Amino acid sequence: MSRLVVVSNRVAPIREGKPAAGGLAVGVYEALRQSGGIWFGWSGEVSANPQTHSETVGNINYVTLGLNKRDYDQYYRGFSNATLWPIFHYRIDLARYSREEYDGYRRVNVMLAEKLKPLLKPDDIIWIHDYHLIPFAEACRMLGIRNRIGFFLHIPFPAPEILTAIPPHNELLKTLCYYDLIGFQTETDRLAFQDYIVREVRGLVEPDGSLTAYGQNFRAGVYPIGVVPDEIAKVAESYKGRRHPVGRNTEGGPRKTIISVDRLDYSKGLLERFLAYEEFLDRFPEHRRNVEFIQIAPTSRSDVKTYQRIREQLESEAGHLNGRLSDLDWTPLHYLNKSHDRRVLMGLFRAANIGFVTPLRDGMNLVAKEYVAAQDPADPGVLVLSRFAGAARELTSALIINPYDRIGMAEALDRALRMPLEERKDRYEHMMRAIRAADLDAWRDNFLRDLRSFVSRPKDFSAQAYAS
């Protein structure tokens with residue numbers, strides 16, 4: 001069987017029993033763990049003399065490279081996270097474009113392809129992940145690599161009107177068409193991509209459903225990333241640590257718990273969530289002292305000013321909320337800026353009465369699926385979920401909210417806390433059927449099956465094609 005070669009922006013060897021918390025890392029690791037192969041990408045190190053490192057753990061060979069400061073600033077901090085990330089999340093107001101950063105983004109993709117080429121075998125299947133590496137297939141083709149290459153976008157794909165805010169959008173999307181298969185989280189994302197191809201560059205939808213654009217023939221499909229529900233349930237049930245913060249309710253029992261876990265990012269809707277929680281406590285004062293909200297938000301991209309500002313805003317709102325409403329024996333909001341072991345998170349999910357997942361825009365959001373999978377089937381909690389998370393397309397029995405509607409979010413929290421057991425169980429069972437139908441195995445198997453089976457029309461990999 002052909003070997004799987006995965007390329008992602010960040011690579012970190014994952015030890016058995018201690019998987020990473022990020023959806024991309026967990027999904028890629030589980031895919032490679034079963035098939036074996038290479039996981040290739042940036043080590044996360046920035047130095048004047050970047051080194052390449054190889055380490056084999058089990059049947060996975062991790063090959064990582066460092067970046068120099070210029071490449072890090074232009075490729076990672078620059079075009080990837082100051083241009084692509086905000087625009088793909090519909091935040092044109094936060095986007096910044098620099099030709100030098102775009103050139104650096106393209107340059108690093110070429111460099112990574114050059115480093116990967118000597119490691120490849122002719123029948124390897126290459127699977128590229130996420131927005132940092134959109135031009136990677138084109139770079140591979142320029143080097144003469146003829147392997148099947150697939151791409152999966154973990155974040156949303158924006159509507160054409162948003163995408164065209166990127167000045168080199170046409171050139172960028174041309175590079176994406178050198179993949180054999182492009183995967184998206186939702187049908188909304190796939191249709192946005194197809195709409196761009198058809199409207200902006202007059203591409204064609206072929207009778208077999210494939211697309212032709214820029215002289216290339218390729219396929220685009222929907223592959224919602226999932227979780228491993230039985231493993232999550234086992235970890236959550238076995239966790240013996242502290243499951244609640246502190247304190248008892250007004251009747252002497254344990255307080256109800258609301259939990260949110262996010263990377264600290266403006267796309268996650270954290271400020272809107274804090275404001276909605278304060279609205280909830282003001283609008284429904286009977287819940288005061290009877291509920292606590294745990295927000296776990298590990299810092300990310302702390303050297304980017306936009307992320308520094310969102311952290312300042314959240315700290316200010318958390319201090320305001322707690323200062324205004326706390327009592328000596330009750331703190332309404334526990335805001336934690338640090339990572340926690342995955343085992344601890346699953347235990348907290350199982351104990352929490354509400355999973356509060358309200359991104360302003362998200363490709364999928366695996367926290368929503370993890371929260372549901374971690375629940376006690378005999379007494380499950382309630383998922384309150386943003387309509388703008390990809391997971392909302394599958395978890396339709398969650399309480400679906402609009403994160404821009406502060407009062408609506410407050411009312412959903414009240415409804416969730418009052419929801420009777422039978423309704424909670426019905427909603428949980430419906431969501432679990434959806435989670436099992438689109439679990440992590442299905443995501444991996446369906447994508448790789450389609451990548452292996454797709455027969456495209458002959459591609460033009462000549463130098464002239466790339467120059468045109």
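What should the 21 residues of helix 10 (residues 305–325) span at 1.5 Å a residue? In this predicted model, local features need pLDDT of at least 70 and side-chain atom pairs count only at pLDDT 80 or more, while totals for chains, interfaces and linings use all residues. Residues are numbered from 1 along each chain as its sequence is written, and side-chain values use heavy atoms, with hydrogens and water left out.

Helix 10 should span 30 Å, which agrees with the 30 Å between its end C-alpha atoms; the expected span is 1.5 Å times one less than the number of residues, and helices (H or I, at least four residues) and strands (E, at least two) are DSSP runs numbered from the N terminus. Buried residues (under 20% relative accessible area, with exposed over 50% and partly exposed in between; 1.4 Å probe, protein chains only) of helix 10 include Thr-306, Tyr-307, Ile-310, Leu-314 and Glu-317. The buried residues pack against helix 2 (69–88), helix 9 (270–283) and strand 13 (333–336), where contact means heavy atoms within 4.5 Å.

Asp-195 lies in helix 7 (residues 187–201) and, at 25% relative accessibility, counts as partly exposed. Leaving aside neighbours within four places in sequence, Asp-195 is in contact with Pro-160 and Glu-200.
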